[in-house]
Amino acid sequence: MSDTALIDNLIPCADVIKRAARIGAEIKNIKLSGDLSDQTIAAINHLLLEHKVIFLRDQGHLDDAEQDRFALRFGDLVPHPTRNVVKGTASILELDAARGGNRADIWHVDVSFVDAYPKISVLRGVVIPAFGGDTIWSNTAAAYLDLPQPLQRLANELWAVHSNIYDYQALRVRARDADKKHYDEVDSKTIYETEHPVVRVHPETSERALVLGDLVQRFVGIPKYDGQKLLNLFQSHITMPENTVRWNWKEGDVAIWDNRATQHYAVNDYGDQHRVVCRATIDGEVPVSVDGRRSVTRIRAAKRPPAKVA
C-alpha cells in the first residue's frame, strides 16, 4: 500500500512528505499521544519501516509522561543502561547540553554496546538553540545495498565488538571538560561489551543493514590496524550525503527512528546555547546475522577498574 493510500485509510487528516530520496519523511497534521488508535500506530510503524526516520512538528503538548505513553505503544520501554531516567518515567532520558555528556557528536546506533539494543527511539525537542543543533540520520540498509558484492560478502561474514569504553579523546575532539568528566564518572563507570554481526537481518522487513558506528572497538579476528581501515570504508558508505537526512529542530518537534536500520549524529555547532531534548527508547531484539547467529554479550555491567596513578 502506498503512503498516500495508507494515510487516507488510517490517518485521514495527515500528510506525508518525503525529506530525502533514501531516508526521512515528515508527517503533518497528526497529534501524538498514548491514546492513538491501534490502526494509527500501525500506520506510523509502517511509515517508520519505510522511511527509517519520521518527523513531526508542533507536538508541544507532549510532556515526559505522555511521550513515554506514546512510545509504549510500539513495545516495552527500556531505560538507558548507564544513566538515570527522568523521575516517574520508564525510559525518558533528558539530554541537556548545559550538563556534561549530552552532545552526541559521533555517528552511532543508540546503546549498541548491549545485545538487544533499542529498536526505536523517540526524541522530543524541548529547548532548541536559535541556530545549530541539527541531527543527521543515515540509512544503513541502503548503505549495505550500495556496497559492491565482494564487500557485501565480506560484511556478511564479519563480526564487530561494540563497547561504551572507547577512545573518547580521539572521537570527541570538541568535547568540553564537563563532557570528559561525565564520560569518566558516569558513561564509562560500568563496562558493556557485545559482539554484533556487521550485517543484521531486520526482524520486520528482512532487509540487511550494517551495524557499525563509532562505538565499534574492533572486528573479531581482524588486527586493529586493518580493522580501522575496514570501519572507515564501511562508514564512508553509511554517511555519504546522499544516504542521509538532516533535521533542523524547532521546539515541540518529535523525531522517531528505526534504530535497527540507521545511525545518527547530533551536530555540535551551537556553542554555549541551551539545547534540551528528551528521548524515549523501545526495547529491541537481539540481532541475527545472515547465517542465523545471534549477537553475543561479552561483558555486561562490569565495574571499570580505577585508573592507575603514575
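Predicted model: local features only at pLDDT ≥ 70, side-chain atom pairs only at ≥ 80, totals over all residues.
Student: How many helices and strands does the chain have, and what makes a run count as one?

Tutor: The chain has 8 helices and 16 strands. Helices are DSSP runs of H or I with at least four residues, strands are E runs of at least two, and both are numbered from the N terminus.

Student: Why is aspartate 58 called exposed?

Tutor: Its relative accessible area is 69%. Exposed means over 50%, buried under 20%, and partly exposed in between (1.4 Å probe, protein chains only). Since 69% is over 50%, aspartate 58 is exposed. Aspartate 58 sits in the loop between β3 (53–56) and α3 (64–72).

Student: Why is serine 206 called exposed?

Tutor: The value for serine 206 is 55%, over the 50% cut-off, so the term applies. Serine 206 is in the loop between β9 (199–201) and β10 (208–210).

Student: What makes β5 and β13 a pair?

Tutor: Two strands pair if DSSP finds at least two bridges between them. β5 (residues 120–127) and β13 (residues 254–258) have 5 bridges, so they pair, in the antiparallel sense. Valine 122 stands opposite isoleucine 256 in β13. Isoleucine 120 has aspartate 258 of β13 as its bridge partner.

Student: How do you know that β3 pairs with β13?

Tutor: 4 bridges join β3 to β13, and the rule asks for at least two, so they pair. They run antiparallel. Phenylalanine 55 stands opposite alanine 255 in β13.

Student: Why is β13 called largely enclosed?

Tutor: 5 of the 5 residues of β13 are buried, so the strand is largely enclosed by the rest of the structure. Val254, Ile256 and Asp258 point one way, while Ala255 and Trp257 point the other way.

Student: Which sheet holds these strands, and what makes β1 and β4 its edges?

Tutor: 7 strands form an open sheet in the order β1-β2-β3-β13-β5-β15-β4, with mixed pairing. β1 (15–18) and β4 (93–96) each have a single partner strand, so one side of each is left without a neighbour in the sheet. The twist averages 20° from one strand to the next.

Student: How do you know that α2 packs on the sheet?

Tutor: Helix α2 (residues 38–51) touches β1, β2 (25–28), β3, β5 and β13. Contact means heavy atoms within 4.5 Å. The direction of α2 makes about 125° with that of β3. Axes are lines fitted to C-alpha atoms, for helices over the stretch in contact, and angles run from 0 to 180 degrees between N-to-C directions. α3 lies across β5, β13 and β15 (276–282), at about 30° to β15.

Student: What makes β12 an edge strand in the 3-strand sheet?

Tutor: That open sheet has the order β12-β6-β14, with antiparallel pairing. β12 (244–247) and β14 (262–266) each have a single partner strand, so one side of each lacks a neighbour in the sheet. β6 (residues 135–139) and β12 pair over 4 bridges. Serine 138 has threonine 244 of β12 as its bridge partner.

Student: Where does valine 78 lie, and what does it touch?

Tutor: Valine 78 lies in the loop between α3 and β4. Not counting residues up to four places away in sequence, valine 78 touches Ala90, Ser91, Pro118, Thr281, Ile282 and Asp283. Valine 78 and threonine 281 are 203 residues apart in sequence, yet 5.8 Å apart in space, C-alpha to C-alpha.

Student: How much of the chain is buried?

Tutor: Buried residues make up 56% of the 310 residues.

Notes: Residues numbered from 1 in each chain as written. Heavy atoms only, no water.
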